[in-house]
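Reader: I would like a close look at one part of this model. Please take me through the nonpolar core and the helices around it.

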Amino acid sequence: MNSQQETRERGVKCDYLFMKKQNEVIDNLIETLKDGQEGFKQAAESVRNPALKTLFSDYSQQRSRFATALQSEARSLGETKPETSSSATGALHRGWINLKSAITGGDEHAILAECERGEDSAVEEYKKALDDGLNPSAQELISRQFTDIKAAHDRIRSLRDASKG
């Protein structure tokens, strides 16, 4: 094998590893979004306050749209089966699992605190993804989504702080 062939093969292998890593990053974000979608849906069903019900519903739908956009991005990068669900261990890791206990108590402050904890994880996952050297289109999409994720986190935190009452 000549050096030109070796260089080409090495380049193909590097491209493959880059794409595989990129797809893993996107799949992880999709799981995070699916966890948030389900968490916000449960929160919306559990609060009495109509404004919070609407807000949580909106965030659940937003997470669904974001996940769909990332699934499309993953397919455009050659992934045949992008992530489509959340994971139980991921939900636990991402803080949404404690929402169930807050919901049973029906305490708005506790529900907001659990939503914020889930959002803390989402913000961290997005920060990690943005530091992973994604291709330009994935970087732009994830960066736009991160702006909205961060805004949701900050809004929930301020509502939680205001609900201490």
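**The core and its helices**

Author: Leu33 is in contact (heavy atoms within 4.5 Å) with Arg63, Phe66, Ala67, Leu70, Tyr126, Gln145 and Ile149, leaving aside its neighbours within four places in sequence. This is a predicted model, in which local features need pLDDT of at least 70, side-chain atom pairs count only at pLDDT 80 or more, and totals for chains, interfaces and linings use all residues. Residues are numbered from 1 along each chain as its sequence is written, and side-chain values use heavy atoms, with hydrogens and water left out.

Now the core. A nonpolar core is a set of buried Ala, Val, Leu, Ile, Met, Phe, Trp, Tyr and Cys residues joined through side-chain atoms within 4.5 Å. Buried means under 20% relative accessible area, with a 1.4 Å probe and protein chains only. The largest such core has 21 residues; Ile26, Leu29, Leu33, Leu70, Tyr126, Ile142 and Ile149 touch the most other members. Helices α1 (3-46), α2 (50-76), α5 and α6 each supply at least two residues of this core. Helices here are DSSP runs (H or I, at least four residues), numbered from the N terminus. A second, separate core holds 13 residues, including Phe40, Phe56, Cys115 and Ala152.

Next, the helix pair. α5 spans residues 108-130 and α6 spans 136-163; they pack at an angle of about 155 degrees, with axes 9 Å apart. Axes are lines fitted to C-alpha atoms over the stretch in contact, and angles run from 0 to 180 degrees between N-to-C directions. The two helices are therefore roughly antiparallel (over 145 degrees). Their contact divides into 14 nonpolar, six polar and seven charged residues.

Technical notes:
Parallel < 35°, antiparallel > 145°, perpendicular 65-115°, else oblique. Nonpolar A, V, L, I, M, F, W, Y, C, P; charged D, E, K, R; others polar. Buried < 20%, exposed > 50% of the residue type's maximum accessible area, 1.4 Å probe, protein only.
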